[in-house]
Structures are given as C-alpha cells and as structure tokens.
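Dear colleague,

Please find below the structure that I am handing over to you.

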2 protein chains.
Amino acid sequence: MTDDEPAVGDDPGPPPRRDVVDNAELALLLEVTGTPKPGNVDRNHDYDDLRFEHFMAGSVGSRHGLELAAGDARLGRAFERAVGGMSQQTAGNTQFGALLLLVPLVRAAASGELTGSRAAACARETTVADAADFYRSFEHVDVAVDDPPDGLEPLDVQRGAEAIPVLAERELTLWDVMEQSASVDGVAAEWVAEFERTMWASERLLDLEGTVPARVARVFLELLAEEPDTFVVKQHDQQTAERASAQAREALEGESDPWRLADEFVAEGLNPGTTADLTAGALFVALERGLDV
Amino acid sequence: MTDDEPAVGDDPGPPPRRDVVDNAELALLLEVTGTPKPGNVDRNHDYDDLRFEHFMAGSVGSRHGLELAAGDARLGRAFERAVGGMSQQTAGNTQFGALLLLVPLVRAAASGELTGSRAAACARETTVADAADFYRSFEHVDVAVDDPPDGLEPLDVQRGAEAIPVLAERELTLWDVMEQSASVDGVAAEWVAEFERTMWASERLLDLEGTVPARVARVFLELLAEEPDTFVVKQHDQQTAERASAQAREALEGESDPWRLADEFVAEGLNPGTTADLTAGALFVALERGLDV
C-alpha cells in the first residue's frame, strides 16, 4: 500500500480483458475442446499416448513463446520457445503446427491490424536466424515429417540443429523454408497464401450459431472436406487423406454421423492434425475479432 | 538480433519450464478435465448455462490476477483481478472459490517453500484493503452465498463494494472475514486450517496411479466423501450435502457407479463446487511438487 492509498485500497478499475497472448492460448484450449473433430484428440477423444490433458499442459507451456511473439523477439525464437514450453508434458508433440501458424498471427495482432497480409508480411521479414530456430525446435519434440525430396537431405528437419550450417550456407530464411514446404505442409502453405484458409475459417466461426465448441467442430469438418490434410498424407498417404476429406463431406451433408466418423478415425489412427492447426489459428483470429465464449 | 549474435542466432538454452503462475493456471484447467467429478462441470459434463469452455476462458482470464499473486501486490487485489479476468466469459462465476484458495498458495510458492503454514502466514498478513478488494470482487460475478447471520447484514458480501465502509469502521482484514466465514464456507475453512485438506489431497494426487484426470476424479470423490460440500449446503441444504457425501462414499466403496452418480447430480443441479475448489488447490500444490502431466 502506498502512502497515498486509502486504508480500503484504491478502486481497481474495470476487470482485465484478455490480451493477444491470452487469446492465442485460449485458441489452443478451445481447439481441443471442440468435439467431435474426427481423428483429433478432443473433449471426447484420446489416443492412448496423446491425451486431452497433454494439450492443456501444452497450451499453458506455449505461453512464454507466445509472449515473445507478441513482443519484439525474432519470430523464429518465439516459435522455438513456444515449442520448448509446449513440450513440457509427457506426450511430446501436441501443438507444433498450431504454434507455427499462430506466431505470425500473434505478431500481426500485437503490432496493428490482424489481417492475413500483415501476418504474411511479418513472416516475410524472417531471417536465417529464424530458420535456425525453426530447426532447433525439432530438438524438443518428434514431429511427423516425410523424408525430404532428392537434393534436400541436408535440410531434413529431422537433423534438427545439425542442419543449421547448411541453412547459413544457402542463406535460407524461415520464409524460404516455408515456401519450400508449402506444397507438402498445410501450415507452410498458409504462410505463403497469406493465411487465406485461416481467415476464411475465422469468419465461419464468427458467423455460425451455437456454442463455440460446436462451431469449432463444424469448421474443422468444413476445412477437412475442402482439402486433404497434409498430416494424414505424411502419416499415411495421399489416398487416405483424400478418403478422409470425402468422409468429412459426407458427414457435412448429413449422409453419415460425425460422431461415428470420429470413432472410426481414432480407431484407424487417422488424425487430421493440420486441419486442427488451422482451426486453432482461426479461433485466435475469431477471438481477436470478438468471438464471445 | 544484437551485433554480437551470429547470423544463425544464439543458442536458446533449455526449454522454458512451467513457473508458479503456469502451474496455477494449469491446475484450474486440469481440475475441470478430471472426470467423472459428480455434479461438476468436467470433461464429460456441462450444465446448460455453465459449460466446459467457460472454464477454459475463466482459467486464461484469471492469469493476470495470478501473476499479481506471484508478485508483491496485495493478496486481496490479486484475487479481485483474478476474479475480474475470470469473469470475461458469458457464464459468470466459474472459479471464484478456486482462486480464493489459490491466491495465498501461489504467494507462498512464489516467495519460498510451499507449505500450508506459509500460505496461512501470507493470508494472516492481509489488511482491511484486502477485505475491501474481496468485497469488490463480488461486483464481477454472482456467487452463491447464504444470507448473513443476524447482526452481520452490513457485511453481506452481496452488498459488494457498498459494504466497504463497514469493513473499514470495524477494521476487518481479509483474514478476519475468512475466520468469520470458516464455519459455513469450505474455502474460508481452508485458510483458517492452514490448507490442511488441500495439502492432504495434493499428496493423494502424487501417490495415486493412473492418468492425472483419473487421479483428480478419485481425489474429488475422496474429499466429498470426507466432508459435506458447503456450496451444496448453500444451494440446497445441509441434509442434501450430507446425502451427497454418503453417495460419494458408496461410489468409492464400489457400491455404486461414479458415472451414474455424475448423471444424477447434474440432473438434480447438485454441484459440489467447494470440493472442486479444493481439488484445484491440491492440483496446484501437486504440480509444484512434481506431478507429471
């Protein structure tokens, strides 16, 4: 208590509103709360070794990196710290792709208007050091990736920090790395396409009716129906990913039950994780634009 | 990038670990993740107007107040800010009691060894200004309370900030207010009893086997079986609360199914919220003491 303060304390003023970092963290939490999101861990579905509680801890752990993203740290460093903090739970990777999508969006929101083009502009400003941090972040967790195409073996992300000298030699920025990955990775594709699908999905979240988790489940299905999930392609193959999208379309059209689809996908280990990442990014944008919980 | 930093950035060092505030927030998230916690909102149960997503937003919103609790703000102010932030969702009160329990525990953890006696020592240092902030916090949300006993009407918490002159006149600290409420409020009773049940429950969480949500559900039932829930007393009556505890004992002894009990309690609107508050406090202590998620 200061000398000037009355014995009963001063008036605290209006309650604290959620800031950009709060909304990014809440987006991660609401993504996994949405149900049924067929094949994902969600409020009603777990895998044996990847469960709902790991996503809770991953969301909280990401926070320190998200704070860097809302400040003036390099985006690569913010991402690396977010992934490092996220990994402080026993299941390993929970939200790697979601964080890769969130970091430029958080930077855009914290520094001005949150638009896809502003987020992409932040992404384009990344440097070789950011690319190095991206590679360092693979040291924290196992992330499902395909083997690199011929000639790109030295840049295989599975090499982690060992690949950094190659990045430096070729002067590759994080933006360059994302451009190279855009054809096989749905999150990298979003960077390059100025977050087009993320922005579209955020508008859907705002326009739909019903509870937030119900809207999340709907938008997840719509995204999956629209494009094969690149994480499913990596873990299985293109054909499986296309079948999953066709099944999502059937569920949207009322020809099948999304709850049954959820059970089937979990049983097959068919987890459209990139679609979940886009859903988390869209939730962040929607929360920033006034989505009420 | 500083001038001294190499083009590929410096080594980021080990990943960030969860700090005290992170663990307090995660405790709130894991409390509501534990299931079945009969009568509570949990991973598998909602009320129409009080749902899982409101607890997600409440947990994130509490964070700024929890940061004050981990710093050197007055405890009453930390609590008031936590409640104000928590209330930034459409359902109103989600974690008022849990935050009242957490604030002195967070202060103890952030300033030295986390023991019940140290947390109670922090609580005993509260002032009239802290009591005033406690009353101010009732302006943010509707909290279920009984009418005050004869003679204490001027201190009815439902008066909110209007009661502050009476606090000042009677020189009541927040500790005094908790002492006066200890016989009818399980969280106030914990303050006065040096967090005895919270500490016991934290040890149970550490000692039990199985996933964290399963341990949480077990410890919730054990706490409920042991003592009638004061929130149930306030919303219903003593007899109902004693029956709920008897039913919890039956479930623990395998004579009934806790999942069925959860459905019954939700249908009756019988929500042992104070037992949930204690569970959240216990989770915080257990996380600080090394509970792995």
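A charge is taken to sit over a ring if NZ of Lys or CZ of Arg is within 6 Å of the ring centre and within 35 degrees of the ring normal. By this rule, the charged end of Lys37(B) sits over the ring of Phe220(B), 5.7 Å from its centre. In chain A, Lys37(A) lies over the face of Phe220(A), at 5.7 Å from the ring centre.

Please note that this is a predicted model, in which local features need pLDDT of at least 70 and side-chain atom pairs count only at pLDDT 80 or more, while totals for chains, interfaces and linings use all residues. Residues are numbered from 1 along each chain as its sequence is written, chains are lettered from A, and side-chain values use heavy atoms, without hydrogens and water.

Regarding the interface, 57 residues from chain B and 56 residues from chain A take part in the contact (heavy atoms within 4.5 Å). Because 98% of the interface residues of chain B are also interface residues in chain A, the copies meet through the same surface. About 4,500 Å² is buried between chain B and chain A, with carbon and sulfur atoms giving 58%; this is the accessible area (1.4 Å probe) that two parts lose on being put together, summed over both.

Across this interface there are 4 salt bridges (a side-chain nitrogen of Lys or Arg within 4 Å of a carboxyl oxygen of Asp or Glu). One salt bridge joins Asp10(B) to Arg77(A), with the closest N and O atoms 3.0 Å apart.

Yours sincerely
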